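Dear colleague,

I am passing on the structure below, which you have not worked with before.

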Amino acid sequence: PGDYEIHIKFADEHIPGSPFNAKVTRPIDVSKVKCYGPGVDRVNPLFSKAPQEFTVDTSEAGDADLEVTVETPDRKVLEP
């Protein structure tokens with residue numbers, strides 16, 4: 001990962017626009033996102049109006065924005 005310059009030449013001369021700038025990042029792997037805690041326990045679910053806590057760990061998944069949507073058991077999306 002990092003910032004790089006890409007030099008493209010023809011007949012030992014840079015083509016128009018060369019060098020080009022490129023930013024290289026780690027690939028994104030959503031399978032590496034982990035979600036855990038009492039608020040997402042599937043064995044003993046906590047269906048309540050009380051605040052629930054859970055952790056979303058994206059540390060090994062790559063660099064990307066995270067979006068979290070919370071749904072009720074009947075698939076209704078809860079607004080924050």
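What follows is a summary of what was found, beginning with the model itself and then going through it region by region.

This is a predicted model, in which local features need a pLDDT of at least 70 and side-chain atom pairs count only at pLDDT 80 or more, while totals for chains, interfaces and linings use all residues. Residues are numbered from 1 along each chain as its sequence is written, and side-chain values use heavy atoms, with hydrogens and water left out.

The average pLDDT of the protein (the predictor's confidence in each residue, from 0 to 100) is 87, and 91% of the residues score at least 70. Among the elements of the protein, the highest mean pLDDT, 96, belongs to E2, and the lowest, 82, belongs to E7. Element names of this kind come from DSSP runs numbered from the N terminus, with helices (H or I) having at least four residues and strands (E) at least two.

The loop around Ser-18

Ser-18 sits in the loop that runs between strand E3 (13-14) and strand E4 (20-24), and Ser-18 is buried, its relative accessible area being 14%. For this term, buried means under 20% relative accessible area, exposed means over 50%, and partly exposed is in between, with a 1.4 Å probe and protein chains only. The side chain of Ser-18 makes a polar contact with the side chain of His-14 at 2.8 Å, and it also reaches the backbone nitrogen of Ile-8 at 2.9 Å. A polar contact is a pair of N or O atoms within 3.5 Å; within protein, one must be able to donate a hydrogen and the other to accept it, and residues adjacent in sequence count only if both atoms are side-chain atoms. Leaving aside residues up to four places away in sequence, Ser-18 touches Ile-6, His-7 and Ile-8, where contact means heavy atoms within 4.5 Å.

Pro-19 is in the loop between E3 and E4 as well, and the peptide bond that joins Ser-18 and Pro-19 is cis, with omega at about 5 degrees. Gly-17 is also found in this loop between E3 and E4, but Gly-17 is exposed, with a relative accessible area of 52%. The C-alpha atoms of Gly-17 and His-7, ten residues apart in sequence, are 9.2 Å apart in space.

The loop between E2 and E3

Ala-11 lies in the loop between strand E2 (9-10) and E3, is exposed at a relative accessible area of 64%, and has a positive phi of about 55 degrees although it is not a glycine. Asp-12 has its place in the loop between E2 and E3 too; its phi is near 65 degrees, again a positive value in a residue other than glycine, and Asp-12 counts as exposed at 63% relative accessibility. As background, most residues other than glycine have a negative phi, and most peptide bonds are trans.

Further along the chain

Asp-65 belongs to the loop between strand E6 (55-57) and strand E7 (70-71), and at 82% relative accessibility Asp-65 counts as exposed. Its C-alpha atom is separated by 28 Å from that of Lys-49, which is 16 residues apart from it along the chain. Leu-78, finally, lies in strand E8 (residues 77-78) and is partly exposed, with a relative accessible area of 42%.

With best wishes
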